[in-house]
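Student: I would like a close look at one part of this model, the packing and the residues around it. Please take me through it step by step.

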Amino acid sequence: MSGVKPRRSVLYMPGANERALEKAKTLPADALILDLEDAVAPDAKEAARERVCAAAASGDYGSREVTIRVNGLDTEWHDADLRAAAQAGPAAVVVPKVNSAAEVHNIERALELGGAPDATKIWAMVETPVAMLHAEEIAAASERLTVLVMGTNDLAKELHAEFVPGRAPLLGGLSLCLLAARATGKVILDGVYNDVKDLAGFEAECLQGRQFGFDGKTLIHPGQIEPCNRVFAPSEDEVAQARKIIAAFEEAKAEGRGVVTVDGRMIENLHVENAQRILALAEAIAGKN
Ligand SMILES: CC(C)(COP(=O)(O)OP(=O)(O)OC[C@H]1O[C@@H](n2cnc3c(N)ncnc32)[C@H](O)[C@@H]1OP(=O)(O)O)[C@@H](O)C(=O)NCCC(=O)NCCSC(=O)C[C@H](O)C(=O)O
Ligand SMILES: [Mg+2]
């Protein structure tokens with residue numbers, strides 16, 4: 001299982017904030033989203049575009065995947081953002097409020113016309129009721145689209161939902177997008193946690209995201225990176241258990257059996273595949289350190 005890329009922690013930073021862009025070069029986030037959308041005031045959009053594209057093209061961010069979030073398709077900045085991002089060649093262009101396969105096709109065409117390298121992927125943000133209902137067609141629309149990103153603030157706003165511990169009002173949407181991502185072989189990232197001072201609440205939400213099956217979480221503050229990396233990485237016990245399962249199954253197979261028990265639990269080939277996925281992720285994380 002080669003080519004696994006850890007995306008445990010994906011940090012947004014305002015594109016107009018020079019200090020944050022500098023600080024990010026040393027932060028242990030797996031990926032960065034240099035933001036031109038919500039975190040940038042209208043008057044600062046053009047200066048931020050220049051700064052963000054220069055940062056993405058600089059090669060100064062080490063192994064961190066550097067992505068650019070452009071302004072939405074229906075805004076006056078979208079086309080120029082996409083052209084500039086295509087030239088900068090980030091790991092991905094993050095597009096907010098994607099609602100249909102047709103929109104993904106338009107973004108794909110604009111990146112091609114703008115001369116974006118093949119390595120620049122599309123990360124589609126799913127954050128409206130329409131996107132929840134179209135999640136599969138969005139995810140399947142393009143090979144270039146590799147990641148779905150939940151936008152839970154916008155989703156809550158559109159639903160008139162309240163933020164409550166456990167996120168009951170959002171679970172239907174989160175589940176639909178997870179189903180779409182897994183059905184189409186895409187990575188999926190959970191939404192942000194707005195209270196940067198509430199680390200206990202944040203960690204609980206990371207755990208919920210991981211239990212759901214998200215690959216990682218989007219973040220808004222450096223203080224959220226360490227707990228997020230920890231929660232979304234396989235623990236030492238999980239790695240040891242994965243090795244045990246693989247070894248026990250190999251032994252059983254050599255004896256002509258297709259099922260075995262480990263610590264009293266039934267193990268079949270599907271559990272071995274899951275154990276291999278856990279080991280591949282743990283190895284990819286270890287390879288970064
Ligand atoms: C949330 C914040 C506004 C808090 O800012 P502040 O109170 O200034 O933070 P601190 O004083 O604790 O900052 C400490 C140092 O860390 C740096 N910092 C802070 N945030 C970031 C960051 N995101 N990336 C990099 N560095 C950061 C500060 O510069 C301080 O550095 P130093 O001075 O050297 O000590 C702020 O954290 C912030 O702006 N966060 C990002 C907000 C953002 O990007 N929002 C848009 C994305 S979220 C979204 O849109 C979700 C989605 O669309 C949806 O619908 O859900
Ligand atoms: Mg949003």
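Predicted model: local features only at pLDDT ≥ 70, side-chain atom pairs only at ≥ 80, totals over all residues.

**From a loop to the helices**

Tutor: The chain averages a pLDDT of 96. Of its residues, 99% score at least 70. The predictor gives the complex an ipTM of 0.98 and a pTM of 0.96.

Now place proline 117. It sits in the loop between helix 4 and strand 5 (121-126). Proline 117 and alanine 88 are 29 residues apart along the chain. Their C-alpha atoms are separated by 9.1 Å.

Next, go to helix 10, which covers residues 225-232. Which of its residues are buried? They are Cys228, Asn229, Val231 and Phe232. What do these buried residues pack against? Their partners are strand 1 (9-14), helix 9 (199-212) and strand 8 (216-219).

Arginine 230 also lies in helix 10. Is it buried or partly exposed? Arginine 230 has 13 other C-beta atoms within 10 Å, so it is partly exposed. Now find arginine 8. It is 222 residues from arginine 230 in sequence.

Two packed helices are described by the angle between their axes and the distance between the axes. For helix 9 and helix 10, the angle is about 30 degrees. Their axes are 9 Å apart. That angle makes helix 9 roughly parallel to helix 10. The crossing of this pair is right-handed. Helix 9 makes the contact with Leu199, Phe202, Glu203, Cys206, Leu207 and Arg210. Helix 10 brings Pro227, Cys228, Val231 and Phe232. By class, the contact of helix 9 with helix 10 has eight nonpolar, no polar and two charged residues.

Helix 11 (residues 236-254) packs with helix 12 (residues 269-288) at an angle of about 135 degrees. The axes of helix 11 and helix 12 are 9 Å apart. Helix 11 is therefore oblique to helix 12. The crossing of helix 11 with helix 12 is left-handed. From helix 11, the contact uses Glu238, Val239, Ala242, Ile245, Ile246 and Phe249. From helix 12, it uses His271, Val272, Ala275, Gln276, Ile278, Leu279 and Ala282. The residues of the contact of helix 11 with helix 12 divide into ten nonpolar, two polar and one charged.

Finish with two loop residues. Most residues other than glycine have a negative phi. Lysine 97 is not a glycine, yet its phi is positive, about 50 degrees. Find lysine 97 in the loop between strand 4 (92-95) and helix 4 (101-113). It has 21 other C-beta atoms within 10 Å, so lysine 97 is buried.

Then take arginine 167. Its phi is positive as well, about 55 degrees, although arginine 167 is not a glycine. It lies in the loop between helix 7 (152-159) and helix 8 (171-184). Arginine 167 counts as buried because it has 20 C-beta neighbours inside 10 Å.

Terms used
Residues numbered from 1 in each chain as written. Chains lettered and ligands numbered in written order. Axes fitted to C-alpha atoms, helices over the stretch in contact; angles between N-to-C directions. Helix = DSSP H or I, 4+ residues; strand = E, 2+ residues; numbered from the N terminus. Parallel < 35°, antiparallel > 145°, perpendicular 65-115°, else oblique. Left-handed = near helix turned anticlockwise from the far one by under 90°. Contact = placed C-beta atoms within 7 Å. Nonpolar A, V, L, I, M, F, W, Y, C, P; charged D, E, K, R; others polar. pLDDT = per-residue confidence, 0-100. Buried ≥ 20, exposed ≤ 12 C-beta atoms within 10 Å, placed from the backbone.
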